[in-house]
Amino acid sequence: MDSIRVFAGDCTVNFEGSRDRTQRGRVVVVAKPDRTVLVHDAGGYQPVAWLTRADSLTVESGPGSFGLVARAGDQTLTVESNDVTGRAEYPASDAGVPVGLHPDTGDPLVRTNGSVVALDSGTEYRLPAGSTVLDETCDDCGLPVMRVERGAPFEVCIDRRCDPLDDHVRDRFDGEWSCPDCGSPLRVIRRSGRLLAGCDAYPECETAFSLPAGVVVDDCDCGLPTFETSRGRRCLDSTCEVR
């Protein structure tokens, strides 16, 4: 698991870049896993100095001193201790929306950055685009259930190994539509991480369409299905110009 390092003491803080300035005071310095450095004093909610997602971060820590140098482009943040009050390192993770507990470990589960993550173990379940985690659990493994729209709405386990979304989409739509180029059935396949409706005559015919996050509501004049998505209606073929 990632960790956040915290340093406290009488420090001299020097910032070179958009606004050069030097400050000194008893501050708390926070160094995050993404190389963001924040320097907090006693007043206000905003750091007195900071550098977000630095290109490089060097930390030196001895028995009675510490120092940090963070660089991003032409900006440099330097912190040098004059007197050390304390230092510590704490485990840290992304914060997300709680969605239950892991049935095996009891870890809190949170949804963040397109995944459901177990807070303590770091076990991650990647979610399909446009999915919604429901207040229900899988009958087989006890993990949360998600609702995903890929031509139709499906409710499946967030663990694709337990209840693969691809199987449900394939059962419903495999061979449902025809290739506009050669007339062969379009098969539901996964290629390069994407769920596709691909021509059964592959590799002679390489026609393939990515299945959008939405439900089929009509037929396009080109012969392919029309999907209702969060951005409005669109043909399975995102380049289709038929109206």
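The model is predicted. For residues 3-93, UniProt lists "domain: Endonuclease NucS N-terminal PH-like" in an unreviewed entry. This span is 0% helix and 70% strand, and the C-alpha atoms at its ends lie 8 Å apart.

- The side chain of Ser61 is joined to the side chain of Arg87 by a polar contact of 2.4 Å, although 26 residues separate the two in sequence; their C-alpha atoms are 9.2 Å apart.
- When neighbours within four places in sequence are set aside, Ser61 is in contact with Phe7, Phe66 and Arg87.
- Thr76 is placed in strand S7, residues 75-91, and its relative accessible area of 14% falls under 20%, so Thr76 counts as buried.
- Leaving out residues up to four places away in sequence, Thr76 touches Asn14, Phe15 and Glu16, and also Val69, Ala70 and Arg71.

**Ser115 in strand S10**

- Ser115 is located in strand S10, which runs over residues 115-118, and it is buried because its relative accessibility, 1%, is under the 20% cut-off.
- Which side chain does the side chain of Ser115 meet in a polar contact? The partner is the side chain of Glu124, at 2.6 Å.
- Glu124 is also one of the residues that Ser115 touches once those up to four places away in sequence are excluded, along with Val110, Tyr125, Arg126 and Leu127.

**The largest pocket**

- The largest pocket has a volume of about 420 Å³, and its lining is made up of 19 residues, among which Asp2, Ala92, Ser93, Asp94 and Asn113 lie nearest the centre.
- Strand S9 (108-112), S10 and strand S11 (124-126) are the elements that give two or more residues to this lining.
- Which element gives the largest share of the lining of the largest pocket? That share, three residues, comes from S10.
- Sorted by class, the lining of the largest pocket holds seven nonpolar, five polar and seven charged residues.

**Backbone geometry in loops**

- Asn113, in the loop between S9 and S10, has a positive phi near 55 degrees without being a glycine.
- Is Asn113 buried or exposed? Asn113 counts as exposed because its relative accessibility of 59% is over 50%, and, as noted for the largest pocket, it is among the residues nearest the pocket centre.
- Ser192, likewise not a glycine, has a positive phi of about 55 degrees and is placed in the loop between strand S15 (186-191) and S16.
- With a relative accessibility of 78%, which is over 50%, Ser192 also counts as exposed.
- Tyr202 and Pro203 are joined by a cis peptide bond, with omega about 10 degrees, and Pro203 lies in the loop between strand S16 (194-199) and strand S17 (208-210).

Note on methods
Residues numbered from 1 in each chain as written. Predicted model: local features only at pLDDT ≥ 70, side-chain atom pairs only at ≥ 80, totals over all residues. Heavy atoms only, no water. Helix = DSSP H or I, 4+ residues; strand = E, 2+ residues; numbered from the N terminus. Buried < 20%, exposed > 50% of the residue type's maximum accessible area, 1.4 Å probe, protein only. Polar contact = N/O pair within 3.5 Å; in protein donor to acceptor, adjacent residues only side chain to side chain. Contact = heavy atoms within 4.5 Å. UniProt positions renumbered as here; feature names shortened; annotations may be inferred. 1 Å grid on protein atoms, 1.4 Å probe; cavity = no way out; pocket = protein on both sides within 12 Å on 5 of 7 lines; lining within 4 Å. Points joined across faces, edges and corners; volume = space filled by probe spheres on them. Nonpolar A, V, L, I, M, F, W, Y, C, P; charged D, E, K, R; others polar.
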